[in-house]
Amino acid sequence: MMTTTPAMIENRTFDEIAIGDTASLSRTLSQRDIQLFALVSGDVNPAHLDPEFAEGDMFHHVIAHGMWGGGLISAVLGTELPGPGTIYLEQSLRFLRPVAVGDTITARLTVSSKAEQHHIVTLDCLCTNQAGEEVISGVATVKAPTQKVCRPRASLPDVSLSSHDAYRRLMTAAKDAHPVTTAIAHPCSAAAIAAVAEAVEAGLIVPILVGPEARIRATAQEAGVDIASYRIVDAPHSHAAAAAAVALVRTGEAGLLMKGSLHTDELMAAVVARETGLRTERRISHVYLMDVPGHPRPLLITDAAVNIAPTLIEKADIIRNAIDLAHVIGIEQPKVAILSAVEMVNPAIASTIDAAALCKMADRGEFAGALLDGPLAFDNAINEGAAKEKGIVSPVTGKAEILVVPNLEAGNMLAKQLTFLGGADAAGIVLGARVPIILTSRADSLSTRLASCAVAVLLAHAGTKAAPGLFRPAL
């Protein structure tokens, strides 16, 4: 078996170093470098991270942190001259020009003096860009190693940055609309109260807190949230709070419904009540809007929270709800993958039969504004290479934005695997009722909670333009 010899890193001892010796390294700055440096250092100056702010700043574009270039100098000292065993004592730096994304910076160090006592070495430092212009100059003083070191060069781990740009775009779009009055059912936990306050501060909602008033006020005080300006509708317990919150929507006092600290089943029971609920001609369904680090497009997973084992006809409504959501968030023709365990129709696997029937319905124009394919396994739906390997040719394979799961168990497991193993955020929204319903969890991050509210706000404002039936009451 063929083996690869690892790259080695070797120092120059004090005795081996001569005045005039040089060493250098070059690196091209990427946006990812800036983000990683900000993450490690905590320096989130908008001049480095906010293109809109940087456009109006003195350089008119995003620039690198000054010490990113200083880090290149440190890298030369630690790996080349003198190398492993070097002790950094002093560094002076003058920042002469900004460094922008795409600039290639070369850090060159030259030994200017040596002192036998304590084995001190002084080096002139100069960083230049690809045009030969000086960007940083300075002087480094180090204690050079006296023992020879030759070690395998360490392999760096792969690093995935979870920036959730899709959620930021949603927030920007939602903030352009006015806040929507939202009935929050039973917000009687610190997490629920905090989620409301965050959405209010973000300019997304105007809250109506529905539940036991004394308990709500006590919880808010314990959580350090000022709710003096919030309207409160007193309800004795969680069941009553769910019913009262739904009633506020039915009377038009609220345009959105949001889950507080009650169980989802309690809230949905009030929503689907035939005489007093919020049913429409559509089947009510849930969508997770997933922002998955490293994946180039958003993923809408449905249904993972409401319909346990949907029938073929119910799956058709689940798909229509997800297509409507995709249109509202800016996906003009979403690609819908109907998932199963295999890619071939198998009479022993019911989900493959449903997938084939749904695709035939799509061929006959029953899902306007979308492309459907199935059955597809998860890998073929999101990875073009996997689809090609199996000879599957389709405009959906590898590019799916909507993933229709066979049942609630599969959807719930898929969404949670992406969240807890893949670092994804999952914003939850319930569709098919008279108004969007915001489902949040205590485990949700701040960005997830706000994204759920942002999606609901966008849907509320697009209600009159959405596909027929989305917000139309059932007869």
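**Briefing: loops, strands and cores**

Histidine 119 is found in the loop between β4 (104-115) and β5 (120-128); helices (H or I, at least four residues) and strands (E, at least two) are DSSP runs, numbered from the N terminus. The structure is a predicted model, in which local features need pLDDT of at least 70, side-chain atom pairs count only at pLDDT 80 or more, and totals for chains, interfaces and linings use all residues. Residues are numbered from 1 along each chain as its sequence is written, and side-chain values use heavy atoms, with hydrogens and water left out.

**Backbone geometry**

- Histidine 119 is not a glycine, yet has a positive phi of about 55 degrees.
- Histidine 119 is partly exposed, at a relative accessible area of 28%; buried means under 20% relative accessible area, exposed over 50%, and partly exposed in between (1.4 Å probe, protein chains only).
- Histidine 60, also not a glycine, has a positive phi of about 65 degrees, and its place is in the loop between α3 (51-55) and α4.
- The peptide bond from leucine 81 to proline 82 is cis, with omega near 5 degrees; proline 82 sits in the loop between α4 (66-79) and β3 (87-95).
- Glycine 374 and proline 375 are joined by a cis peptide bond with omega of about 0 degrees, and proline 375 lies in strand β15.

- In strand β14 (residues 335-339), 5 of the 5 residues are buried.
- Lys335, Ala337 and Leu339 point one way from β14, while Val336 and Ile338 point the other way.
- β14 pairs with strand β15 (residues 371-376) in the parallel sense over 4 bridges; two strands pair if DSSP finds at least two bridges between them.
- Leucine 371 in β15 is the bridge partner of lysine 335.
- β14 also pairs in the parallel sense with strand β16 (residues 402-404), over 3 bridges, and valine 404 in β16 is the bridge partner of isoleucine 338.
- A right-handed β-α-β unit is made by β14, helix α11 (residues 350-363) and β15; right-handed means that, with the strands pointing away from the viewer, the path from the first strand over the helix to the second runs clockwise.

**Helix α9**

- Helix α9 (residues 264-272) has Glu266, Leu267, Met268, Ala270 and Val271 as its buried residues.
- These buried residues pack against β8 (180-185), α8 (238-250), β11 (256-259), β17 (425-431) and β18 (437-439).

**Nonpolar cores**

- The largest nonpolar core has 59 residues, of which Leu204, Leu209, Ile319 and Ile429 touch the most other members; a nonpolar core is a set of buried Ala, Val, Leu, Ile, Met, Phe, Trp, Tyr and Cys residues joined through side-chain atoms within 4.5 Å.
- Helix α15 (residues 446-461) gives the most to this core, with 9 residues.
- A second, separate core has 28 residues, including Ala23, Leu72, Ala107 and Val121.
- Beyond its neighbours within four places in sequence, leucine 209 is in contact (heavy atoms within 4.5 Å) with residues including Ile184, Pro187, Ile193, Val196, Tyr230 and Arg231.

**Ring interactions**

- Lysine 114 lies over the face of phenylalanine 14, at 4.2 Å from the ring centre; a charge sits over a ring if NZ of Lys or CZ of Arg is within 6 Å of the ring centre and within 35 degrees of the ring normal.
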